[in-house]
Amino acid sequence: MRSFHRIGIGCLVGLCFAAGYAARLSVDVRERAAAEVREKTISTQGARIASAGLEGAAGIDFRPIETLYSVLTNVREHYVEQLSSDNESQMTYGALRAMLSSLGDSNTRFLDPTQSRIVRDAVSGKFHGIGAVLGIRKVRTGDITDEHLIVLSVISTGPADRAGLKPGDDIVSVDGKQILPFNPFQKAEKYLSEERKKNTKQNQLRKWLDTEEKRIESGMPVSEAEIALITEDGKTRELSVRRAGVKSEIKIKVAAESFGVEPVTSKFLDSGAAGYVRINCFVPETGSRFAEALSELRAKGARGMVLDLRKLSGGETDSVLNVARHLLPGRKLGVLLQSRGRRCAINVPDAPADQVWDGRISVLVDSGTVRFPELLAASLKEQKRARLVGEQTCGDNSHSSVMSLSDGSAVMMKTGVLLSSMGVSFAKGVKPDVRVAYSGDGSNQLSEAVKALGEGGARQ
Amino acid sequence: MRRTGIDVVIPVAFLICAAFVLGFVAQDVRASGGQVGKWVASLQLLPQRLEPVSTPVVDASRRKPLPLVDTYSAVMERLKADYYGDDFSERELTYSAIRGMLAALGGPYKDPFTRFMDPDEYKKMREENEGNFTGIGAQLDTNKSGEVYVKEPLPDTPAMKSGVKSNDVILAVDGKSIKGLEINDVVKMIRGKADTKVRLTLRRTSKPKPFSITITRQVVQFQMVKSRMLDEKNGIGYIRLYQFNQKSDTQFDKAITDLEKERLRGLVFDLRANPGGLLQVAVEIGSRFIESGPVVIIQERGGQRNPMYVVESKHNHKRYPLVVLVDKSSASASEIVSGAIKDNGTGTLLGVTTFGKGRVQTIMTLDDGSAVAITTAKYLTPKGDDIHHKGIRPDYIVEAAEDFDPNDPATDVQLARAVEVLKVKMGLLPKSALDKLEKTAAAGRVVTGEN
């Protein structure tokens, strides 16, 4: 009787298992049918929904991509030559290049695989080219926009630094080729439109146009020059630069090569028991090297530190934060202002107490102090953690991100601006507390910085 | 029984419930392998985060060409989401992308003719090809003090009929002052739909006060042809064609008919600075100068040759001794016509080597009102020469004078030489009159490889 019960219960359990299984099956069938309906609606409206959300109430409009698509289809089908896969990728590059450069923002551009590798390498401490950070500055005269190639900063001990290129130098020509703006035809176009107005004599106009043609043919577009200078190619380039305060153009020969840089160098200054720490570049190891330098100086009894941020640019957020954590642990380094009004605080991580520098600090800055180093200097100043000595910084607060594409090329895009820890823009540069112009080998600035250590105000 | 019932029923009920649940989720357990795949797939659909710059590079050997449309839309979405800068128009940015894509196709020097036209540019081109526009038909210009004035009211146009005169300075359009505006903006204000009215406020030296004229806009034809008698005694006529559009053929016909009334005996046909135009019109104009055979040969992608033969109905005039003026701006359709004349030996070419555009573009309109011109074929002269990047070398090389002013025929040495050549052809001058001219290989078909 007992065993019969057991068998009965066993059967019952088995039946229920089967019932459960069946119930699930029917639920699944119903769900799948519902999901299919849902999927169908999503697949036709996905694109619409995605762009409608971003464009807001202005109306659904996804025709631009259709225009692009039909142009591409027409070219593929009807162009006089059969397109090769090389043509196809050149077309993609051309499209991205033109699309991004039409934004007129030198921080937003397309990087082909070679350029993109150079950018990546620089982040990891391998530099190429002449070792200068170049920027494109727009200069407007009347209705003509000229773009100048400006040395924002040089990488310490790199070829440009050794050859004597200085932040602020305006590169006029490379290897005798004059630097031309993005659109070199502006002047010619202007002549032609003026000719329509004034009926200038044909031969006069022709002379103008011929001069322009020669100028353009013998010149080098600004973007091409920039690429030539930042690409490793083992060539020696002759630059003509204009420098503030110098009347004639300066000729500088500089080799473009591949080189590495010691991220941090330091020494103990006998005068005034102070240490000197120089950051040469922000790479992943900079933070740990900086910590080592600090503990070495502390061991030697340094009570103050001169932090040299002259001729220093860029860097990735993380490598900058790894340095900042020894100076401003747990504090705010700055604010990143992003599109559509998003604000994002850049917080410094904490560091063990024995790794935090609590002595006095003075920071050396100059016009070659660009972007993150500027932010670091500004925030150290604002939080009364350091006195700044030297010259006004560059004033470039743009923050850009890189979007990698599948073939090794990339899109660099301006995605925000940096504000100091108190939310102040440093777009016009950070002013030093003690203004000392650079002269000779810059040791005058250093001795002022050492003096500033003694004047106090640098302790928390 | 009853006692056992109670302590058995509870565990049994529990067992039954457990069995049901187990049965229900059994599939999940079995399918969990697939489920992971689904999760991963759904993760990929999430918006990607901005990657830091140190993302490892894809192995170079595994690179595939970037798909254009996908990459474009990915970059566009990212721009819309994260770009920090001035607002941009997605349409303008897309137009830039299209221009960049087409420029990369052949490079700026190899194929500048495959190009994109935004709706405004395309509208302008259509007007040029149709040969008419709606407006008042006054040719405007800017004078030395920057004022916009009427250079010339075109014949048979609303401007002419309502009494607008040359040199009238325009002060206002529809009561709005145009001071400081660019001439193109003024033109835009004056243009409009047919049968609508526009009021111009004008200043005329003969009148003490500015006055207004109200003009009804009409469809106005571009003047594509200018003609005159150069030498009435010897019957030497001159026809200049500015462009090959839908009105060129009838205007050319009228011009030659007018000249015939003045006893035309020899013709100078001026194609200088003529950038070309419609292929069919080139064939029609060219037909007037050639007896038979092809005017031009179209070579499609793949190499197939389609000759376009002389249109015999265009043999509606007597043929005259002919000199054709060409220069380095004579392009495309101008080169078809001058190439056909040269290959057939029915006229003498004089001037400098032509532009060298031997490609045919097809214009495809797009839904948003823009259009794309795509090089779809090559064209060859009747003898089979591809003149692309070479141009047509005229029979007599004559450079324009240093002080050549298009508004002053006295400075036009090319025209003067053309008349001399024509006079020799007509037997009015001895052959020796041409000795001073630089003559290229006698029989004509010279296409030097200057690239």
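1. Start with the charged cluster in chain B: Arg240(B), Asp270(B), Arg272(B) and Asp412(B) are joined in a network of salt bridges. Keep in mind that this is a predicted model. Across all chains, a search of the whole structure turns up 36 salt bridges. As background, side chains of opposite charge can pair when their charged atoms come close.

2. Now have a look at the sheet in chain B. Seven strands make it up, in the order E10-E11-E12-E15-E16-E19-E20, and the sheet is open with mixed pairing. Which strands sit at its edges? They are E10 (225-231) and E20 (438-439) of chain B, each of which pairs on one side only.

3. One pairing to pick out on screen is that of E16 (residues 348-351) with E19 (residues 396-397) in chain B, which run in the parallel sense over two bridges. Here Gly351(B) stands opposite Ile397(B) in E19(B).

4. Helices come next. Helix H10 (residues 413-425) of chain B packs on the sheet and touches E10, E11 (236-241), E12, E15, E16 and E19 of chain B, with its direction at about 160° to that of E15(B). Helix H9 (residues 333-344) of chain B lies across E12 (266-270), E15 (322-326) and E16 of chain B, and runs at about 140° to E15(B).

5. Arg204(B) is buried at a relative accessible area of 12%, and Asp168(B) is buried at 0%.

6. Another pair in chain B is Arg203(B) with Glu147(B), a salt bridge whose closest N and O atoms are 3.1 Å apart. This pair links distant parts of the chain, 56 residues apart: Arg203(B) is in E7 (residues 197-203), while Glu147(B) is in the loop between E3 (138-142) and E4 (148-153) of chain B. Arg203(B) counts as partly exposed at 34% relative accessibility, and Glu147(B) counts as partly exposed at 25%.

7. Over in chain A, are the partners Asp121(A) and Arg117(A) buried or partly exposed? They form a salt bridge with closest N and O atoms 3.6 Å apart. Because they are four residues apart in helix H4 (residues 113-123) of chain A, about one helical turn separates them. Asp121(A) counts as buried at 13% relative accessibility, whereas Arg117(A) counts as partly exposed at 33%.

How values were computed: Residues numbered from 1 in each chain as written. Chains lettered and ligands numbered in written order. Predicted model: local features only at pLDDT ≥ 70, side-chain atom pairs only at ≥ 80, totals over all residues. Heavy atoms only, no water. Pairing = 2+ DSSP bridges. Contact = heavy atoms within 4.5 Å. Axes fitted to C-alpha atoms, helices over the stretch in contact; angles between N-to-C directions. Salt bridge = Lys/Arg side-chain N within 4 Å of Asp/Glu carboxyl O. Buried < 20%, exposed > 50% of the residue type's maximum accessible area, 1.4 Å probe, protein only.
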